[in-house]
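Open the model in your viewer and keep the selection tool at hand. The tour below goes from one selection to the next.

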Amino acid sequence: MDFGPHLMLATLEGAVIAAILVLTAMGLSIVFGVMRVVNVAHGEFYMLGAVLAWFVTSFLGGHPAIGFVAAILIAPLLVGLIAAAADQLVLKHIDYDPDRTIVGTIGILFIIQQTTLMTFGPEARPVAAPFNQRLALPWFEFTDNGFEMFWPWGLSITSYKLFVIAAALTVLVALWLFLTRTRIGLIMRATQQDSETAQAFGVPVGLVYSCVFGLGAALAALGAVLVVPIQQAHYLMGADPLLLSFIVVIIGGLGSLPGTVIAAILIGMSDGIISVFFSPTLAKIIATFLVAMVLVFRPQGLLGRTST
Amino acid sequence: MLEVKNIHSGYGPVQVLFGVSLSVNASEILCLLGRNGAGKTTIMKSIMGLVPITRGSVSLEGQPLHSLPTHRVPRMGVGYIPQGRRLFPELTVSENIEMGLMVRNEGADTRDWVLDLFPRLKDRLRQQAGTLSGGEQQMLATARALCVRPKVLLLDEPTEGLQPSMIEQIRQVVVRMKQEGIAIVLVEQRVDAVLSIADKVTFVENGKDVQTIGAADLRDDPELLRSRLGV
């Protein structure tokens, strides 16, 4: 394949990775922004989303689309509820202390991971995509005969991958509308900026925290449900998204949602492109190197604000 | 109306208040005076439930406040203007007001009433609160608290760092709220600004209320100010 079509293919693969990453990192960013909690268990909520998607689809059977629709509704909701319960049972009792919440969420990580191992088992299990047509993509080039369109062999994408990109965009827009246009969103933003004053204006901060923790986990689970027809559900699958989400959130600026989106696109795309042309390991090395550079030269992240 | 009886409170192991009692009635302005670190702001926070009370009681119209969860206190009708304004800086003016309105489900009429009190805010509704000038921020903090339609208004150093014309405007609003029947507790450093509008003055020293006196009596006895505050 020529370089042009090859790059286009890599870009599309990168866009799929970015789409999933943006949802997962957004969850992490919202939780940190509002609660100042570094949620080390975030990757496990992602994994739990994928595993629950497998349970739901294999329980329902029938056409893959039925199971998938059910999974995309049920899995994020269930994971959100589990996270909210974890918040009430653990984080609330350690007063959201920054150091102790890290240790606390590490504990949650192991509990979820090992419980999954005991119930779901160590196998990787596939979930069928609801639809999966291969779409050949055209390429345009100036040749001796002028502007020509042709169909390079191997330049294609599946309809499901396009759906993933579109779904992530939709969720992102919905999330933005939720945060900026609804009362609950307003309360969340107010709590993020000054939780004490929010309390003095009738905001039940404890309840808001549980909702935010649940929302963050649900976003990760949603990303996982979308990815599980491409990858497979496995009890250790949470580690990679956790690392990448942290990379994204640090580069974007802790707690800055626009920064998170930009960084997720940047990291997702470069991960996809570098993985296709070189190797996935090099992609991770470069991403980690980027984090180091950001921490040295712009510790608050791309769009983060320095605290005053 | 607001009754504070012998409250003890503090931050974790550090106790700040050692038995403070005060009371304020409807249409009355009570001013708390005292040196820095005497516990004035802690009294306000204890009333709001932001600092836990270990002993004593706070009640509003006979209803206990100290046993409520913190977020329920403002819903009983307590409006709070914290020290340093504490606006939600990245929310717009309009959203800050909305936060106030939500406390007791107030609607458009309260919003209009508050915006009529502070017409300057009308032109800035879509601006981020953090970008307002100091005076406008104080207006917004006051407006936000009034959106609660409070029975009691707690003002913690509302004139701190403001130009005289702004101070005058805030003062007028406070007097007007008094006329509307609100009970007002005011913490203020500027004694001259206080004496002209207060009805009662409570001196706070080392976490205790040491003396409560009518403002008129205090005006007649400037020597008392010197002995209590050293001014």
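Select chain B of this predicted model. Its secondary structure consists of 9 helices and 10 strands. The radius of gyration of chain B is 17 Å, close to the 17 Å given by the globule rule for 231 residues, so the chain is as compact as a globular protein of that length. Along the principal axes, the C-alpha atoms of chain B fill a box of roughly 45 × 40 × 30 Å. Of its 231 residues, 43% count as buried. Among contacts in chain B between residues at least 6 apart in sequence, 69% join residues at least 24 apart.

Next, stay in chain B and select strands E1, E2, E4 and E5. They make up an open sheet of 4 strands in the order E2-E1-E4-E5, with antiparallel pairing. Strand E2 (14-24) and strand E5 (63-64) of chain B are the edge strands, each pairing on one side only. Strand E1 (residues 2-11) and strand E4 (residues 53-60) of chain B pair in the antiparallel sense over 6 bridges. To see one position in this pairing, pick Lys5(B), which stands opposite Ser57(B) in E4(B).

Last, turn to the nonpolar core. Which residues of the largest nonpolar core touch the most other members? Of its 157 residues, they are Ala50(A), Ala53(A), Val212(A), Ala221(A) and Ile184(B). Helix H1 (residues 3-35) of chain A gives the largest share of this core, 18 residues. Select Ala221(A) and leave aside its neighbours within four places in sequence: its contacts include Phe45(A), Tyr46(A), Ala75(A) and Val79(A).

Methods
Residues numbered from 1 in each chain as written. Chains lettered and ligands numbered in written order. Predicted model: local features only at pLDDT ≥ 70, side-chain atom pairs only at ≥ 80, totals over all residues. Core = buried A, V, L, I, M, F, W, Y, C linked by C-beta atoms within 7 Å. Buried ≥ 20, exposed ≤ 12 C-beta atoms within 10 Å, placed from the backbone. Helix = DSSP H or I, 4+ residues; strand = E, 2+ residues; numbered from the N terminus. Contact = placed C-beta atoms within 7 Å. Rg over C-alpha atoms; globule rule 2.2 N^0.38 Å. Pairing = 2+ DSSP bridges.
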